[in-house]
Amino acid sequence: MMLVIRAEQMKVLAQSVLKRWIEAHLLRCFPAQCAALGDAGWRAAVTSGMEQALRHGFREPSDICRYVDLVIAFGPDFERRTEFDWTREILGDSAITNSSVRMDRLHVAAVRHLALASPTTGER
């Protein structure tokens, strides 16, 4: 007897593996934020963040992970909040046809936003 795995089953398996990889990444890179959200909270943020990333056309695992990073850093509704208008501008820019380029621009804008929002440390 030969085992046959359908394409849809492979897709579900791949999403499950990606989700576990993103969860491990978040625990390693965002431990304080995960602790603040609680176990159920940050896991729910991973699920909804992955869904949001897919709705925006992100398909590469690294892009999906970086999108979830934004969800953890700025909150699950960050796209709708006025202080993050830059996200809507980038996500809505039809001139950016490559999703990885779009994610690169989101990442650069997020780092810039954080740098402007945080006081410089180490100054005297």
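**Helix packing and salt bridges in a predicted model**

Asp39 has a relative accessibility of 47% and therefore counts as partly exposed, since that class lies between 20% and 50%.

**Packing of α1 against α2**

- Helix α1, covering residues 7-29, packs with helix α2, covering residues 31-55, at an angle of about 145 degrees, and the two axes lie 10 Å apart.
- Where α1 passes α2, the crossing is right-handed.
- On the α1 side the contact is made by Gln15, Leu18, Lys19, Ile22, Glu23, Leu26, Leu27, Arg28 and Cys29, while α2 contributes Pro31, Cys34, Trp42, Arg43, Val46, Thr47, Met50 and Leu54.
- Sorted by class, the residues in the contact of α1 with α2 are eleven nonpolar, two polar and four charged.

- Side chains of opposite charge can pair when their charged atoms come close.
- Arg43 and Glu23 meet through their side chains in a salt bridge, with an N to O distance of 3.1 Å.
- Because Arg43 belongs to helix α2 and Glu23 to helix α1, this pair ties together parts of the structure that are 20 residues apart in sequence.
- Both Glu23 and Arg43 are also listed among the residues that make the contact between the two helices.
- Arg43 forms a salt bridge with Asp39 as well, and there the closest N and O atoms are 3.0 Å apart.
- Asp39 and Arg43 both lie in helix α2, where a separation of four residues places them about one turn of the helix apart.
- Glu23 is buried, because its relative accessible area of 10% falls under the 20% limit, whereas Arg43, at 33% relative accessibility, counts as partly exposed.

**The pair of Arg81 and Glu83**

- A further salt bridge joins the side chains of Arg81 and Glu83, with 2.6 Å from N to O.
- Arg81 is partly exposed, its relative accessible area being 26%.
- Glu83 is likewise partly exposed, with a relative accessible area of 39%.

Notes
Residues numbered from 1 in each chain as written. Predicted model: local features only at pLDDT ≥ 70, side-chain atom pairs only at ≥ 80, totals over all residues. Heavy atoms only, no water. Axes fitted to C-alpha atoms, helices over the stretch in contact; angles between N-to-C directions. Left-handed = near helix turned anticlockwise from the far one by under 90°. Contact = heavy atoms within 4.5 Å. Nonpolar A, V, L, I, M, F, W, Y, C, P; charged D, E, K, R; others polar. Salt bridge = Lys/Arg side-chain N within 4 Å of Asp/Glu carboxyl O. Buried < 20%, exposed > 50% of the residue type's maximum accessible area, 1.4 Å probe, protein only.
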